[in-house]
Amino acid sequence: MQSPALDRVVQELAQELDGSSRTPLYEQLELRLRQLIEAGVLAAGSALPPEPELAERLGVSRQTVNQALTNLARRGTVTRRRRVGTFVAPPFVEQPLDGLYSFLRTLLAQGRLPEMRLLGYRITVDERASPFLTSDVHGLVFELSRLRLVDGDPFVVETLYLPADCGESLPLDRLEHEVVYDLLRETCGLDVTHADETLRPVVLEQPEASLLGLSLGEPAFLVERRGYAGAAPVELRRSVIRGDRYRFRVRLEGHTLTTPPA
């Protein structure tokens, strides 16, 4: 059953859409819905009417409604759940890039609810992690895979490689509520002082798409980090982050343009 507030919104939308305008109806609908969501008129988590019902009440085609909602989903403004419906998305998780950061601390600082599900762990040989962490292509490393959730929604599929002896001593039951770097310092005496990190856009493939509850080919970020304790390499991390609910922010300062190294 829909709320009276949502009924009023739909009625107003039906009056505002202008079929004689040069702007296509789906663009008008997309813009107006985005404005209502950004203004808080449609709150995060609110369910929108099913597409056939919304199209009928607005007096437009179902294709118009589908195109508007598809564009909003691509922007991360709404989320679409198969056989469930379309919902107003929570605010973006925004990650500042002004220093060595912790995803867990970022979420807590923004008032979000973080969770973690352990997918598996093992001692293994990895073609990238082994030479980086052990200086031996056949060196053993500790591999930890986990699914990180935000406000109950799957958000990040993460694979973490650590020195084998340190990884085996980690208290895995504390990973859900504590920062890995804090546990490394406490358990292994390793203080991660700095890291090199790269970020690039990718499209989701299996198994990450299934774990995140999204479709193959949807946008994501691939973040790869190499962490060091002083000069010693101690961490290789690969994170696949859903691209519709996450964004990065960096502050740029200076009065002159910097020149990248040759």
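Predicted model: local features only at pLDDT ≥ 70, side-chain atom pairs only at ≥ 80, totals over all residues.
Me: How do you know that the length of helix α4 fits its number of residues?
Reply: Take the 14 residues of α4, residues 62-75, at 1.5 Å a residue: they should span 20 Å. The end C-alpha atoms are 20 Å apart, so the two agree.

Me: Which residues of α4 are buried, and what do they pack against?
Reply: The buried ones are Thr64, Val65, Ala68, Leu69, Thr70, Asn71, Leu72 and Ala73. They pack against α2 (25-38), α3 (51-58), β1 (78-81) and β2 (85-88). Just past the helix sits Gly76, with a positive phi of about 85°.

Me: What makes Glu51 and Arg62 a salt bridge?
Reply: Their closest N and O atoms are 3.5 Å apart, and the cut-off is within 4 Å, so the pair qualifies. Glu51 belongs to helix α3 and Arg62 to helix α4, 11 residues apart, and the pair links distant parts of the chain.

Me: Why is Glu51 called buried?
Reply: Its relative accessibility is 12%. Buried means under 20%, so the label holds.

Me: How do you know that Arg57 and Glu53 form a salt bridge?
Reply: Same test: the N to O distance is 3.4 Å, and anything within 4 Å passes, so this pair counts. Both residues lie in helix α3, 4 residues apart, about one turn of the helix. As a rule, an α-helix has 3.6 residues a turn, so residues three or four places apart point the same way.

Me: Are Arg57 and Glu53 buried, partly exposed or exposed, and why?
Reply: Arg57 comes out at 30% relative accessibility, and Glu53 at 29%. Buried stops at 20% and exposed begins over 50%, so values in between are called partly exposed. That is the label for Arg57 and for Glu53.

Me: What makes Arg146 and Glu158 a salt bridge, and which strands hold them?
Reply: Their side chains meet at 2.5 Å, N to O, and that is within the 4 Å cut-off, so the pair is a salt bridge. Arg146 lies in strand β5 (residues 141-150) and Glu158 in strand β6 (residues 153-163), so the pair ties together parts that are 12 residues apart in sequence.

Me: Why do Arg146 and Glu158 count as buried?
Reply: Arg146 has a relative accessible area of 2%, and Glu158 has 3% relative accessibility. The limit is under 20%, so both charged residues pass as buried.

Me: Which residues are linked with Arg146 and Glu158 in a network of salt bridges?
Reply: Arg148, Glu235 and Arg237 join them in the network. In total, the structure holds 23 salt bridges.

Me: Why is the largest cavity called a cavity and not a pocket, and what lines it?
Reply: The volume of the largest cavity is about 240 Å³. Its lining has 20 residues, with Tyr101, Phe103, Arg148, Glu158 and Arg237 nearest the centre. β9 gives the most to that lining, with 3 residues. By class, the lining has 11 nonpolar, 2 polar and 7 charged residues.

Me: How many cavities of 30 Å³ or more are there, and what volume has the second largest cavity?
Reply: The count comes to 3. The second largest cavity has about 70 Å³, and Arg146 and Arg148 are among the residues lining it. Its lining divides into 7 nonpolar, no polar and 5 charged residues.

Me: What lines the largest pocket?
Reply: The largest pocket has a volume of about 580 Å³ and a lining of 21 residues, including Arg80, Gly213, Leu214, Glu218 and Arg242 nearest its centre. The largest share of the lining, 4 residues, comes from β1. Split by class, there are 7 nonpolar, 5 polar and 9 charged residues.

Note on methods. Residues numbered from 1 in each chain as written. Heavy atoms only, no water. Helix = DSSP H or I, 4+ residues; strand = E, 2+ residues; numbered from the N terminus. Expected span 1.5 Å × (residues − 1). Buried < 20%, exposed > 50% of the residue type's maximum accessible area, 1.4 Å probe, protein only. Contact = heavy atoms within 4.5 Å. 1 Å grid on protein atoms, 1.4 Å probe; cavity = no way out; pocket = protein on both sides within 12 Å on 5 of 7 lines; lining within 4 Å. Points joined across faces, edges and corners; volume = space filled by probe spheres on them.
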